[in-house]
Amino acid sequence: MTFAEEIPSVRVRAPGKINVYLEVGALQDDGYHELATAFQAVSLYEDVVATMADTFSLTVTGADGVDLDGVPTDDRNLALKAALLLADATGYEGGVHLDIHKQVPVAGGMGGGSADAAAALLACDALWDTRLTHQELHRLAAQLGADVPFALKGGTAVGTGRGDVLNPALARGRFDWVLVTSEEGVSTPKVYGELDLHRERHKVDIGPVAQTPSVDVEVLHALRAGDADMLAASLRNDLQVATLRLRPDLAAVLELGEASGALAGIVSGSGPTLAFLCASPEHALELSTDLQRAGHASLHVHGPVPGARIVG
Ligand code: C5P
C-alpha cells in the first residue's frame, strides 16, 4: 500500500490468457457450455490501481494500439462489478476509485475484462483489509465470469465446468507466442451462439457433441515437457470454426502466420486475436516483424506467467 497524498492505494497486475486447448461440450440449461480447457497466462497485463474513495468510480486508459471503444466505464464494467460484489459480500461500507490501464486487446478473446475483474478483487481486498481467503476470492471470481478465477490464479491450469473449476497443470520452461490483434473485437456470447448454429447445421459431419469434454493428454504432456513442437501438434480450439464464420478474413492471416514459420496458429479463446506458437524467442521476433511488414498488428509474448498480484 502506498500513501501518496495520504490517500491509500493498491496496484495489482493481472495477465491475459491463451486457451491452448478448448473443447466445448453441449449447451446447458443455464446458457453456458460445459467445457474442458487448458489455459496459459501470458505476458500481456492489465494494471488496476484501487484508491480509497467514498463512492465507486472508474477510469480506463489503454496502451498504444488498444482501442477502448466498447469498454464501459459505468457499473456494467466487470472490474467495478467486482468491487461492488466484494463490498456486498464483506459488508464494506465505503467505496473505491479504480484506475485501469489495459494492454490486453478489448473483446479479443484473451480475457482482458476478466483480468480487470480479478485485479480489482485482489486490490480492493488489500485496500479495504477485508482479508478473504483464496477460496472465498475464487468463489466471488467465478460469480463474475467463467475466466475470472484463472486470471486470479495464472500460470497454467486446466479448467472444466464453465471453465471456472480449476486444477493446476504442471508446466516447464517457456512458450513464445506471436499475437495478431484485430481492430474490431467479437462478442463471446455471439461466438458460442454461432458454434451452436454450426453444430445444428452440420450434425452429421461433426457427430455427437462430447457430453463430458476433457483435455487431451498430449497437451498435458507437451506443457509438462515444455515442448513447443508437441504443443503445436495438439493445439485445439472448438470455437475457432465459429469465430472464422463471423470473421472469415482471419483464415488468411492464420495461413500467413503458419506459412511464415509459426509452429502452429490458433484463434485465442473466442477471438478475434490469433496466437502463433513459435520455436524460440528469436523465432517469435522474426515472425512478429514479418507479420507487421505484411500490415498486421502483432505482439511477442511468452507464458506461463503468474496470476493477479500486488505490485505496489
Ligand atoms: O462468463 P462470461 O461472462 O465470460 O461468459 C460470456 C458468455 O459466453 C456467456 O454468457 C455464454 O454465452 C458464453 N459462455 C458459454 N459457455 C462457457 C463460457 C461462456 O456459453 N463455458
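Trainee: Leaving aside neighbours within four places in sequence, which residues is Ala-79 in contact with?

Mentor: This is a predicted model, and contact here requires C-beta atoms within 7 Å. Setting aside residues within four places in sequence, the contacts of Ala-79 are Val-48, Leu-58, Leu-98, Ile-100, Asp-116, Ala-117 and Ala-120.

Trainee: Which residues of the largest nonpolar core touch the most other members?

Mentor: The largest nonpolar core has 92 residues. Its largest share, eleven residues, comes from β2. The members that touch the most others are Ala-79, Ala-118, Ala-120, Leu-121, Trp-177 and Leu-277.

Trainee: At which residues does UniProt place the feature "active site"?

Mentor: The annotation comes from an unreviewed UniProt entry. The annotated residues are spread over 131 residues of sequence, yet they cluster in space, with a largest C-alpha distance of 9.1 Å. The residues named in the record are Lys-17 and Asp-147.

Trainee: Is Lys-17 buried or exposed?

Mentor: Lys-17 lies in strand β1 (residues 9–27). Beyond its neighbours within four places in sequence, its contacts include Phe-39, Met-110, Asp-147 and Phe-150. A residue counts as buried if 20 or more other C-beta atoms lie within 10 Å of its own. Because Lys-17 has 32 such atoms, Lys-17 is buried.

Trainee: Leaving aside neighbours within four places in sequence, which residues is Asp-147 in contact with?

Mentor: Asp-147 sits in the loop between α3 (134–144) and α4 (148–153). Asp-147 is buried, because 28 other C-beta atoms lie within 10 Å. With neighbours within four places in sequence set aside, the contacts of Asp-147 are Lys-17, Gly-111, Ser-114 and Gly-163.

Trainee: Which element gives the most residues to the shell around the ligand?

Mentor: The residues surrounding the ligand include Gly-31, Tyr-32, His-33, Asp-147, Arg-162 and Tyr-192. Two elements, β2 (33–53) and α5 (188–201), each supply at least two residues of this shell. With three residues, the element that gives the most is α5.

Trainee: From which domains does the shell around the ligand draw at least three residues each?

Mentor: By class, the shell has five nonpolar, five polar and two charged residues. At least three residues of the shell come from each of domain 1 (4–169 + 306–310) and domain 2 (175–303).

Trainee: What are the helix and strand percentages over residues 77–155?

Mentor: UniProt lists residues 77–155 as "domain: GHMP kinase N-terminal" in an unreviewed entry. The end C-alpha atoms of this stretch are 25 Å apart. Its content is 58% helix and 10% strand.

Trainee: What distance separates the C-alpha atoms of Phe-276 and Gly-257?

Mentor: Phe-276 is placed in strand β10 (residues 274–278). Phe-276 counts as buried because it has 29 C-beta neighbours inside 10 Å. Phe-276 and Gly-257 are 19 residues apart along the chain, and their C-alpha atoms are separated by 6.9 Å.

Trainee: Which residue does a cis peptide bond join to Gly-303?

Mentor: Omega of this bond is about -5°.

Trainee: Is Arg-131 buried or exposed?

Mentor: Arg-131 has a positive phi of about 50° although it is not a glycine. Arg-131 lies in the loop between α2 and α3. Because 9 other C-beta atoms lie within 10 Å, Arg-131 is exposed.

Notes. Residues numbered from 1 in each chain as written. Predicted model: local features only at pLDDT ≥ 70, side-chain atom pairs only at ≥ 80, totals over all residues. UniProt positions renumbered as here; feature names shortened; annotations may be inferred. Helix = DSSP H or I, 4+ residues; strand = E, 2+ residues; numbered from the N terminus. Buried ≥ 20, exposed ≤ 12 C-beta atoms within 10 Å, placed from the backbone. Contact = placed C-beta atoms within 7 Å. Near = placed C-beta within 6 Å. Nonpolar A, V, L, I, M, F, W, Y, C, P; charged D, E, K, R; others polar. Domains from an automatic or database assignment. Core = buried A, V, L, I, M, F, W, Y, C linked by C-beta atoms within 7 Å.
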